[in-house]
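Let's take a friendly walk through this fold, helix pair by helix pair. Please keep the viewer open as you read.

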Amino acid sequence: DHQPIPITVDKIISEVAKIYNVHPDEMRSAKRAANISAARKAAIYVIQDITGLPYEVIGKEFGGRDHSTIVYAIKTEKKEMERDPSHRSVIEDLIKNIKANQ
């Protein structure tokens, strides 16, 4: 009867927050500090990758951001991963760990 714990948006945000050393509430806020913004983009990318949620739903999770903001965040995160192999490995490890711990 061991049911896997569903991977929630909150779980993903808290895992990304730990890696980036920011508070989950900051990632959902309108704050634009570089470290918070980087964590937010990473979380948006990971949420989309793992859950496949629509952009509008992801936007609501991040303080009602527009779907175009979510599209842009995912696109810039992909570019960063292509440009920086160490960043890509951090994101890939994060996705793997979240999926493994469900």
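## Where α1 meets α6

The axes of α1 and α6 approach within 11 Å and cross at roughly 140°. That angle makes α1 oblique to α6, and the crossing is right-handed. Please bear in mind that this is a predicted model.

Which residues bring these two helices together? On the α1 side they are Ile12, Glu15, Val16, Ile19 and Tyr20, and they meet His87, Val90, Ile91, Leu94 and Ile98 of α6. Sorted by class, this contact of α1 with α6 has 8 nonpolar, 1 polar and 1 charged residues.

## α1 against α3

Now turn to the pairing of α1 with α3. Their axes come within 9 Å and cross at roughly 140°, so α1 and α3 are oblique to each other. Here the crossing is right-handed. From α1, the contact draws on Val9, Ile12, Ile13, Val16 and Tyr20; from α3, it draws on Asn35, Ala38, Ala39, Ala42, Ala43, Val46, Ile47, Ile50 and Thr51. By class, the residues where α1 touches α3 divide into 12 nonpolar, 2 polar and no charged.

## α3 against α5

How do α3 and α5 lie relative to each other, roughly parallel or roughly perpendicular? Their axes come within 9 Å and cross at roughly 100°, which makes α3 roughly perpendicular to α5.

In α3, the residues Lys41, Ala42, Ile44, Tyr45 and Gln48 meet Ile70, Ala73, Ile74, Thr76, Glu77, Lys78 and Met81 in α5. The contact of α3 with α5 comprises 7 nonpolar, 2 polar and 3 charged residues.

## The nonpolar core

In soluble globular proteins, nonpolar side chains tend to be buried together. In this model, the largest nonpolar core has 28 residues. The members that touch the most others are Ile12, Val16, Met27, Val46, Phe62 and Ile91. At least two residues of this core come from each of α1 (9-20), α3 (34-51), α5 (67-83) and α6 (85-100). The largest share, 9 residues, is supplied by α3.

Setting aside neighbours within four places in sequence, Phe62 is in contact with Ile13, Met27, Arg28, Arg40, Ala43, Ile44 and Ile47.

## A look at Ile50

Ile50 sits in helix α3. Is Ile50 buried or exposed? Its relative accessible area is 17%, so Ile50 counts as buried, the cut-off being under 20%.

Not counting residues up to four places away in sequence, Ile50 touches Ile7, Ile12, Ile95, Ile98 and Lys99.

## A positive phi at Asn21

Most residues other than glycine have a negative phi. Asn21 is not a glycine, yet its phi is positive, at about 60°.

Where is Asn21 placed? Asn21 lies in the loop between α1 and α2 (24-28). With a relative accessibility of 68%, Asn21 counts as exposed, whereas Ile50 is buried.

How values were computed:
Residues are numbered from 1 along each chain as its sequence is written. This is a predicted model: local features need pLDDT of at least 70, side-chain atom pairs count only at pLDDT 80 or more; totals for chains, interfaces and linings use all residues. Side-chain values use heavy atoms; hydrogens and water are left out. A nonpolar core is a set of buried Ala, Val, Leu, Ile, Met, Phe, Trp, Tyr and Cys residues joined through side-chain atoms within 4.5 Å. Buried means under 20% relative accessible area, exposed over 50%, partly exposed in between (1.4 Å probe, protein chains only). Helices (H or I, at least four residues) and strands (E, at least two) are DSSP runs, numbered from the N terminus. Contact means heavy atoms within 4.5 Å. Axes are lines fitted to C-alpha atoms, for helices over the stretch in contact, and angles run from 0 to 180 degrees between N-to-C directions. Angles under 35 degrees count as roughly parallel, over 145 as roughly antiparallel, 65 to 115 as roughly perpendicular and the rest as oblique. A crossing is left-handed if the near helix is turned anticlockwise from the far one by less than a right angle, and right-handed if clockwise. Ala, Val, Leu, Ile, Met, Phe, Trp, Tyr, Cys and Pro count as nonpolar, Asp, Glu, Lys and Arg as charged, and the others, Gly among them, as polar.
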